[in-house]
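Colleague: I'm new to this one and would like to learn how to read it. Could you walk me through it step by step?

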There are 2 protein chains.
Amino acid sequence: MLAEIIAVGSELANGAVINTNSAWLARALQKYGLAVTHHTIVGDHTAYLRSTIKQAQARSQWIFITGGLGPTYDDITKECVAAELNRPLHLSPSAMDHVEDFFRNRQKPMTANNRKQALVPQGGEVLENPAGLAPGIWLEEGTKTIILLPGPPHEMKATFETSVAPRLASLRQSVICTHSLHFYGIGEAELDNTLSDLMASSENPKVAPYAKGGEVELRLTAQGESPAAAEKLLAPLTLSIAERFQDNYYGKDVGHLKNALAAALSDRELTIAAAESCTGGLISKWLTDIPGSSKYYLGGICTYSETAKQHFLHVSPKTLATESAVSADTAAQMAIGARREFQTDIAVATTGIAGPGGGSAKKPVGLAYIGLATADGVKTWRFQAGSLQCKSRDAVREAVAKEAFFRILKSL
Amino acid sequence: MLAEIIAVGSELANGAVINTNSAWLARALQKYGLAVTHHTIVGDHTAYLRSTIKQAQARSQWIFITGGLGPTYDDITKECVAAELNRPLHLSPSAMDHVEDFFRNRQKPMTANNRKQALVPQGGEVLENPAGLAPGIWLEEGTKTIILLPGPPHEMKATFETSVAPRLASLRQSVICTHSLHFYGIGEAELDNTLSDLMASSENPKVAPYAKGGEVELRLTAQGESPAAAEKLLAPLTLSIAERFQDNYYGKDVGHLKNALAAALSDRELTIAAAESCTGGLISKWLTDIPGSSKYYLGGICTYSETAKQHFLHVSPKTLATESAVSADTAAQMAIGARREFQTDIAVATTGIAGPGGGSAKKPVGLAYIGLATADGVKTWRFQAGSLQCKSRDAVREAVAKEAFFRILKSL
């Protein structure tokens, strides 16, 4: 069934606040078999909001509107819905009790404009908001259902979970399941080319590629009567794609290389340390982004000077003089030094030219060497980030860190 | 003038990816006097996208469409625009050169579907995309202007800044100048309360507060015939606000505490090292985010285990046993150890409980100690992140790093 989401608020329209509600809601609605086709943002503007509501009614069976339920003059959602549906606003005694309780419990005086939060369009059912004052509202109009939810994200989520999700579950006829397969080191076009047979032929399950941050994600979606039925459609497809691209595939629903690496280190009970130069702490940050990372991550050194490379990691002055800091030998010695000093199973090292300055014809911005020391010895890789892309410092450092994570993952 | 933004992509419609492009673009367009009234997201679906384009043409003078310019079968933006405007797609030789160069430089074969990225609706002008393959397109249709931009955020921003902003600037009739004043350690309501006289009274210059990531930014905007005229309105206001909140003010247009600290270290010719525990490399990353940071940043250690704290930083085993790793004494010894080992002018240390696990009644998640060692000795601060807000691991670590940066900045 088709649904759409309207988010109301001038702070969203002018870009001061990023709309996270609509994406959250779209994901949540999939569980109940509702596919969101349109998201709209309009400011606190009566004419724009009314025409958006009118349009949504003409095309969607389910309409979710977030925001604009509060007490101030620029909260206009209920007024606009009431006008479009020709259903006057009435005071809901239960909603009013909720508002009065709130102020009584906090021993604060209730200003008169708070009464506005208890107004409900005729025939609307009040949806409890356990996280705030303005309740949600459930309205049915012919075959259409219109659901109003508060705008603050934690109130929107709490109202949805408490008051909307159970009703949708009881109405649910089908389920949509989605999995993401993650690939590194292969282009979107190349994946698309190889998989075009699969992509074109199938609507259920459906395969769609997304490129992001130098990686490709394939999103597999299936609809079924139950989660098990949908999963049954996805399982063989997942397997065959993962096998076809096994050199580049690194995980299902893992979200980021760092999560795949964290899981692999945990599974194998390996400890790791990092010796960073060009990535400047990013590898350490990514490794420690994951709760519980102290089990496998013992620490890291960011050696941003040659002295620090010698002092902490015992990189040989001769290597630094003859090969320079950006070299395979330096990366190898950094990794070996970090593994010894932190006494870990493995250690990773990066050294390169993050830019924007410091590049040369022989060693351009984006060039990096990655070292990996293990019980079996040390390996190094030469990597060139962003040959044509704009080589922003951030982009280079992210690319080097991803390459390092992928290399470790495939070497374990 | 009224503008609207359409973001295309099923990953946006189904909520897998949060749309940050539209908010960024809405903010960017303000500079050129364009006010965004509607944002729409539609999936990769021809009928929905065509009707959205038709509707936008009926109501907005400026239409920005992001996404769907790539090489795959589900990239349909140009096809839909071409169909709605009745302008057939042609191959643009300059865009094709750009695509071919890309593959030539990488010595990779170009698959045939990449040709699609060089197609342009008749009459459309190619907008250089310095960060990727798919160029933007500028189309004029009567009094309407339709601008297509690539979907990946870094490509969208780079294409806008390089190829769209200069054209919008040349069309602009008046100039809007904006400055951001940055404050740390003061709430939005408190700033708002103190400045309500200024905010209510003035439309030009205008003052608006934005809370973000535990900080407050005051945006000062003035409109004038020339940049100089607008700046003249802003200068005295900037000065008086910076003075009124001097304890919390840390910079104009600096964007982030890390930039303010980098400038201060450079100006004073001081070198710095970092010893991190709970921030896990984030301080090192922030310090090295800035090009040329190797002038003042010599390196850092992330000591995620007690052994590493002793081995590298000489934290006393007795302190770790009696005071624990999360204590003022440990933070002080870490800072002193890092300053000595890296031989820097100053060193900063953090130790705390990033969560989600590991907290206790006495030492809850979010508690951290910050140490700062200088030639004058060592100072420490106790800091509790996220006293009321939700304490995500990321939020705690960012809050601790910001507190550390602000403390250093005010101690220099």
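Colleague: How much area is buried between chain A and chain B, and what share of it do carbon and sulfur atoms give?

Modeller: Before the numbers, keep in mind that this is a predicted model. For an interface, start with the area that the two parts lose on being put together, summed over both. Here chain A and chain B bury about 5,600 Å², and carbon and sulfur atoms give 54% of that.

Colleague: How many residues does each chain bring to the contact?

Modeller: Chain A supplies 71 residues, and chain B supplies 73 residues.

Colleague: And how many salt bridges are there between chain A and chain B?

Modeller: For those you look for a side-chain nitrogen of Lys or Arg within 4 Å of a carboxyl oxygen of Asp or Glu. The count between these two chains is 2. Have a look at A:Arg397 and B:Asp289, which form a salt bridge with their closest N and O atoms 2.2 Å apart. On the side of chain A that touches chain B, you'll find 32 nonpolar, 29 polar and 10 charged residues.

Colleague: How many residue pairs are in polar contact between chain A and chain B?

Modeller: That count is 38 residue pairs, with both residues at pLDDT 80 or more.

Colleague: Which strands are joined between the two chains?

Modeller: Look for bridges running from a strand in one chain to a strand in the other. Strand S14 of chain A (residues 297–303) is joined by 5 bridges to strand S14 of chain B (residues 297–303), and the two run antiparallel. To find your place there, go to A:Thr303, which stands opposite B:Gly299 in S14(B).

Colleague: What area do domain 1 and domain 2 of chain A bury between them?

Modeller: You can read it just like the chain interface. They bury about 300 Å², with 55% of it on carbon and sulfur atoms. On the domain 1 side, A:Gln30, A:Lys31 and A:Gly33 lose the most area to domain 2, together 89% of what that side buries.

Colleague: How many salt bridges and polar contacts go with that?

Modeller: Between these two domains of chain A there are 0 salt bridges, but 2 residue pairs are in polar contact, both residues being at pLDDT 80 or more.

Notes. Residues numbered from 1 in each chain as written. Chains lettered and ligands numbered in written order. Predicted model: local features only at pLDDT ≥ 70, side-chain atom pairs only at ≥ 80, totals over all residues. Heavy atoms only, no water. Contact = heavy atoms within 4.5 Å. Buried area = accessible area lost by both parts, 1.4 Å probe. Polar contact = N/O pair within 3.5 Å; in protein donor to acceptor, adjacent residues only side chain to side chain. Nonpolar A, V, L, I, M, F, W, Y, C, P; charged D, E, K, R; others polar. Pairing = 2+ DSSP bridges. Helix = DSSP H or I, 4+ residues; strand = E, 2+ residues; numbered from the N terminus.
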